[in-house]
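Please keep the sequence and the model in view while reading.

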Amino acid sequence: MESMERSSDSSLIIGVAASTAERVHLARLLGEADALLLVSSADQARAFLELTGASIAPSSAVLAPTVMPAAKPIRAVPEPVAELRLDVDRRVVRWKDREMPLTRLEHDFLHCLVTEPGRVWTYQRLHHAVWGNEHLGHGSHIHSVVKRLRQKLANLGATVTIHAVRGVGFHLLPTA
């Protein structure tokens, strides 16, 4: 095994992303780094650091949510998305002067999308936020909630809907 010498100004970036697609995206974003390690969990990153004897200063650690950015950057909340209101106390979605009751799962799912409109929520992040665990299974339960929410938004006459990003997750955008 060849030993590596590193200058004092070089740095190692450890990227943590659960899915292959997210790791590929990180590799594209961080490809110019001096040294890059992509792992699927924080535990793998810790194991690497322990194995190499490396340590990091707390000030050098950067935590970022595991969210893929939207395919097209969105600089401001699109006007139609801003008109959608979620009453968290009553579990009701409101569009202009109309409202529709939501189940707990529908409410929690839509709450995620409304808090960061236009931003892609990964299947894993949504599953954790809505169902409270990491199990993804076959995903039909997520698609069932999306189908019901799309129908409810259409029944309200909303000009926003839930768009799928194939293999990644969902985001809330104006209807095309």
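Strands S7 and S8 (residues 169–174) are joined in the antiparallel sense by six bridges. Two strands are said to pair if DSSP finds at least two bridges between them. Helices (H or I, at least four residues) and strands (E, at least two) are DSSP runs, numbered from the N terminus. Within this pair, Leu172 of S8 is the bridge partner of Ile162. The model is a predicted one, in which local features need pLDDT of at least 70 and side-chain atom pairs count only at pLDDT 80 or more, while totals for chains, interfaces and linings use all residues. Residues are numbered from 1 along each chain as its sequence is written, and side-chain values use heavy atoms, with hydrogens and water left out.

The pair belongs to an open sheet of three strands, ordered S6-S8-S7 with antiparallel pairing. Strand S6 (121–122) and strand S7 (160–165) are its edge strands, each pairing on one side only. Helix H4 (residues 104–115) packs on this sheet and touches S6, S7 and S8, its direction making about 65° with that of S8. Here axes are lines fitted to C-alpha atoms, for helices over the stretch in contact, and angles run from 0 to 180 degrees between N-to-C directions. Helix H6 (residues 140–156) lies across S7 and S8, running at about 155° to S7.

The chain also holds another open sheet of three strands, with the order S3-S4-S5 and antiparallel pairing. Strand S3 (84–87) and S5 stand at its edges with a single partner strand each, so one side of each has no neighbour in the sheet. On average, neighbouring strands of this sheet are turned by 25° against each other, direction ignored. Strand S4 (residues 92–95) and S5 pair in the antiparallel sense over four bridges. Arg94 has Glu99 in S5 as its bridge partner, and Val93 stands opposite Met100 in S5. Two residues lie between the strands in the hairpin of S4 and S5, where Lys96 takes a positive phi near 55°.

H4 lies across S3, S4 and S5, running at about 135° to S3. H6 likewise lies across S3, S4 and S5, at about 155° to S5.

How do the helices meet each other? Two packed helices are described by the angle between their axes and the distance between the axes. The axes of H4 and H6 come within 10 Å and cross at roughly 85°. H4 and H6 are therefore roughly perpendicular to each other, a label used for angles of 65 to 115 degrees, whereas angles under 35 count as roughly parallel, over 145 as roughly antiparallel and the rest as oblique. Leu105, Glu106, Phe109 and Leu110 of H4 make the contact with Ile142, Val145, Val146, Arg148, Leu149 and Lys152 of H6. Contact means heavy atoms within 4.5 Å.

H6 itself has 17 residues and reaches 24 Å from its first C-alpha to its last, close to the 24 Å expected at 1.5 Å a residue; the expected span is 1.5 Å times one less than the number of residues. Its buried residues are Ile142, Val145, Val146, Leu149, Lys152, Leu153 and Leu156. Seen down the axis of H6, these fall within an arc of 130°, so they line one face of the helix; the arc is that of the directions from the helix axis to the C-beta atoms. Buried means under 20% relative accessible area, exposed over 50% and partly exposed in between (1.4 Å probe, protein chains only). The face turned away from the buried side carries the exposed residues Lys147 and Ala154. Just after H6, Gly157 takes a positive phi of about 85°.

Which residues does Lys152 contact, leaving aside its neighbours within four places in sequence? They are Met100, Pro101, Leu102, Thr103 and Glu106. Lys152 counts as buried because its relative accessible area is 18%.

Met100 lies in strand S5 (residues 98–101) and is buried, with a relative accessible area of 18%. Leaving aside neighbours within four places in sequence, its contacts are Arg91, Val92, Val93, Lys152, Asn155 and Leu156. The C-alpha atoms of Met100 and Asn155 are separated by 8.6 Å, although these residues are 55 residues apart along the chain.
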